[in-house]
Amino acid sequence: MSIWNYVVTAHKPTNVTHSCVGNFTGPQELNLIIAKCTRIEIHLLTPQGLQPMLDVPIYGRIATLELFRPHGEAQDFLFIATERYKFCVLQWDAEAAEVITRAMGDVSDRIGRPTDNGQIGIIDPECRLIGLHLYDGLFKVIPFDNKGQLKEAFNIRLEELQVLDIKFLYSCPKPTIVVLYQDNKDARHVKTYEVALKDKDFVEGPWSQNNLDNGAALLIPVPPPLCGVLIIGEGTIVYCSASAFKAIPINPSITRAYGRVDADGSRYLLGDHAGLLHLLVITHEKEKVTGLKIELLGETSIASTISYLDNAFVYVGSSYGDSQLIKLNLQPDAKGSYVEVLERYVNLGPIVDFCVVDLERQGQGQVVTCSGAYKDGSLRIVRNGIGINEQASVELQGIKGMWSLRSATDDPFDTFLVVSFISETRILAMNLEDELEETEIEGFCSQVQTLFCHDAVYNQLVQVTSSSVRLVSSTTRELRNEWHAPSGYSVNVATANATQVLLATGGGHLVYLEIGDGYFRFHDLNLITKEHLGGEIIPRSVLLCAFEGISYLLCALGDGHLLNFLLNMNSGELTDRKKVSLGTQPITLRTFSSKNTTHVFAASDRPTVIYSSNKKLLYSNVNLKEVSHMCPFNSAAFPDSLAIAKEGELTIGTIDDIQKLHIRSIPLGEHARRICHQEQSRTFAISSMKYCQSNAEETEMHFIRLLDDQTFEFISTYPLDQYENGCSILSCSFSDDTNVYYCVGTAYVMPEENEPTKGRILVFIVEDGKLQLIAEKETKGAVYSLNAFNGKLLAAINQKIQLYKWMLRDDGTRELQSECGHHGHILALYVQTRGDFIVVGDLMKSFSLLIYKHEEGAIEERARDYNANWMSAVEILDDDIYLGAENNFNLFTVRKNSEGATDEERGRLEVVGEYHLGEFINRFRHGSLVMRLPDSDVGQIPTVIFGTVNGVIGVIASLPRDQYIFLEKLQANLRKVIKGVGGLSHEQWRSFYNEKKTVDAKNFLDGDLIESFLDLGRSRMEEISKAMSVPVEELMKRVEELTRLH
């Protein structure tokens, strides 16, 4: 039964919704604070760029993010309000390097109609009050007292019902708001009000302005000395104050974001819907405004937020494309642009559709998403783990060890690759043709297995064998000195660095040598620390290393477990022991560097890279089957490469960026809406739309495009008719026909119609890499969904489910012929099938379950969910449990009640699970992002992947009941220990919430909270272990297993 579900994020939200700049972490420190809907990130501006300081989840969808500075404070506070009417004020604690909560509260009203245009939250520049517009006709005020503390909130009635924007004006003796609104004749006006805090009411303000641009939607308050407000429209920009009125015409555009450049507010950056960045200048003489000027600077991603940082550096946050850090140059480049993009920050949002494919045919799913929108549309290929890009390989059996050596101490590149076998040692080097070939180092002993070798000081090389330690000149390659093991002893294990050698000769004897110029020196060793590992398994590899300035000791065991300890460099003391399972075979550890950072490669049956981020150790699997040995090989021909020994071969390759998910971007310059993969033709088909700007007209063109699944190049295009949109796409085959087809469902979206009354189903075959149209069928509405169904085609067309069969005509051509259908939906948007059952997700009537009856050739309704849910995606988890997502950001599951006693009971789909995800899901797909290894517990757990508007890729795993009950208890204990930022409650955040009801989450667990157990300090882990009466090691092992699901 798939009732018990575990929801976890594989890729965090990347859609930037808000940003602000100020002195948050210190009076002298300039910070950029970014909101990604349900997370905030705090960055520090340094000469090297943006340095991340904190990235934390918020238990709410952020509606307002504002920095402010109460009287008498040296640095800024952060005000956050969420869409579910909670707010908090955060302050930075420099000692603990985290945020603390100054104030929090709930600003919801029992009655009130939520605003259509989203919430507005604003703070008076003089810090006298915070204003919130949450419900139509009401303005909520949270006053400050003179110590900067918040007092009780109250509402003021606001006559204007259709509010477009509200801002506070600067330098007013009494707090004054300016309101941009639309009247019932669709004309737009601006009005000002003073807030009388004593009377808790509005007083008519100093000025108003009627009949503005029809597209006026944004107010920008101007700071002193100029004061007043800018009103940004679609065709004009107006400056307005009590004493002045100036207007300029602009090219038609919708301004989405603005950023103030100067403290005096004389220049602003404006970002529009086409990604164009303009500079707006208020010209003035002393304090009198004389006019406005606007200049095009260049193109960026479509901005949702703009923050001017300093010295012409600007952060452009985007919801429709990658966010960017740009620099504004004084001189234009060759294309006339003043914008130079310095950094891009990947954003997968909005994920409108995606498919799960195994392109490398390695049993590992990759997700290919339709991401972004408008000109920033793209495909993104997302896969788990780190890829190795092979540069060269040779066949070699039985490798027992590998080391790279240089020909001189100060040589920047490696020259030799020493490869050790059971009874010999070979030395490889790059020849002039950049090929690996065998060579000699005369001073090395090559008839035996090498245990260790290393570059040493004074242009020397060290080789350790079972009988001796040899010191060899790296320039003449001759032997300079040799230390022999005492008779009766042989060297078992050894390690070395440039000046020291340490070896063990069995029987508990250690020998320590220091390397001189052509000689060895002996020293005694003293024991500093002893750590009992316990258990039966012996260590196979130990390593000391520093990540982000913190020293660790890593110890790998013979059964694939890895222990890590914090190492105190002064006392040698080991603390904070943690154990993780990386594989099932012995592990060997080696360090390597990539992009000037040191990482550790753990070679075993599941090779892993260990790295550190935000001072936490992270483990990312490498996309290779089994690796026995690895060493860095940074040669001139292959810089920054790794030499990897795996089953029968030696490979040299470079490594991807070190991160858990690897994302490749394919920019399209148009908006991909649907995607489908076809294994047989090795292609993807997408339905996309391109915006064309001609004269003042914006036109849309829609296409079906065919892409090669390896190169992702367009190989064929089928243009759709004018007004015709692609709505669904499917790869399928039909009964009595061996071909595989692409079927496309479309709709004619006519400007005068509310709902499409006409559409088409197009059937294509891929021949010689081209889309050939085989058949088309006109429909009486939009084809929202297509499914392969018992060798036929099932289509959802407006209110109706329609089944078509694939018929052979007399002349040998084929056509779709209608067989039967089912009415009774408002709009059947999402359809999934299993056997003869059909699950329909409706625009507003939740789920219904239909069945196809072969004998009668008819489709009938079996059961439905009688709740009103506006669906956004559906999926079938198993025969009886169906999963749905709806437009209030909730997930829920329903169960088919086949055992019900009465028809009425059997006709009702019973809700069995409810959960607030806080994300808008566009699509579910069965599949997995990770290699499914049958030997692990998680290999058997079925998973569904989802993609959301904020760019989240998530996984829903259906757990066995006993595991679910154990984790539910762990989650309850974690809630007590891990407190939400700003005092926000996890329990409330995850409760199912819509206009009608709020109920606690049930039969869904928050994997993100459960997996954050691994980031806790030892003492808090022990606190939870005590409450659960389960040892810490056992808890860590069980939670780690879960992290393998994504």
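Biologist: What makes helix 2 and helix 6 roughly perpendicular to each other?

Modeller: In this predicted model, the axes of helix 2 (residues 961-977) and helix 6 (residues 1032-1043) come within 12 Å and cross at roughly 110°. Angles of 65 to 115 degrees count as roughly perpendicular, and helix 2 and helix 6 are therefore described in that way. The crossing of these two helices, helix 2 and helix 6, is left-handed.

Biologist: Which residues make the contact between helix 2 and helix 6?

Modeller: Helix 2 contributes Gln963, Phe966, Leu967 and Leu970, while helix 6 contributes Leu1035, Arg1038, Val1039 and Leu1042. By residue class, the contact of helix 2 with helix 6 holds six nonpolar residues, one polar and one charged.

Biologist: Why is helix 5 called roughly perpendicular to helix 6?

Modeller: Helix 5 (residues 1018-1028) packs against helix 6 at an angle of about 95°, and their axes are 9 Å apart. With the range for roughly perpendicular set at 65 to 115 degrees, that angle makes helix 5 roughly perpendicular to helix 6. On the helix 5 side, Arg1018, Met1021, Glu1022, Ile1024, Ser1025 and Met1028 meet Val1032, Glu1033, Leu1035 and Met1036 of helix 6. The residues of this contact of helix 5 with helix 6 divide into six nonpolar, one polar and three charged.

Biologist: How do you know that strand 46 and strand 47 pair, and in which sense?

Modeller: Pairing requires at least two bridges between the strands, and strand 46 (residues 539-547) and strand 47 (residues 550-557) have eight bridges, in the antiparallel sense.

Biologist: How many bridges join strand 47 and strand 48?

Modeller: Strand 47 and strand 48 (residues 561-567) pair over five bridges, again in the antiparallel sense, and the bridge partner of Tyr552 in strand 48 is Leu566.

Biologist: Why do strand 46 and strand 49 stand at the edges of the sheet?

Modeller: The sheet is open, with four strands in the order 46-47-48-49 and antiparallel pairing. Strand 46 and strand 49 (574-581) each have a single partner strand, so one side of each is left without a neighbour in the sheet. Neighbouring strands of this sheet are turned by 20° against each other on average, direction ignored. Helix 6 packs on the sheet, where it touches strand 48 and strand 49, and the direction of helix 6 makes about 40° with that of strand 49.

Biologist: What is the peptide bond between Pro224 and Pro225, cis or trans?

Modeller: The bond joining Pro224 and Pro225 is cis, with omega of about 10°, and Pro225 lies in the loop between strand 18 (218-221) and strand 19 (229-232). The peptide bond from Gly349 to Pro350 is also cis, with omega near -20°, and Pro350 is placed in the loop between strand 29 (339-345) and strand 30 (353-357).

Biologist: What is the phi of Asn459, positive or negative?

Modeller: Phi of Asn459 is near 50°, which is a positive value in a residue other than glycine. Asn459 belongs to the loop between strand 38 (450-456) and strand 39 (460-465).

Key:
Residues numbered from 1 in each chain as written. Predicted model: local features only at pLDDT ≥ 70, side-chain atom pairs only at ≥ 80, totals over all residues. Heavy atoms only, no water. Axes fitted to C-alpha atoms, helices over the stretch in contact; angles between N-to-C directions. Parallel < 35°, antiparallel > 145°, perpendicular 65-115°, else oblique. Left-handed = near helix turned anticlockwise from the far one by under 90°. Contact = heavy atoms within 4.5 Å. Nonpolar A, V, L, I, M, F, W, Y, C, P; charged D, E, K, R; others polar.
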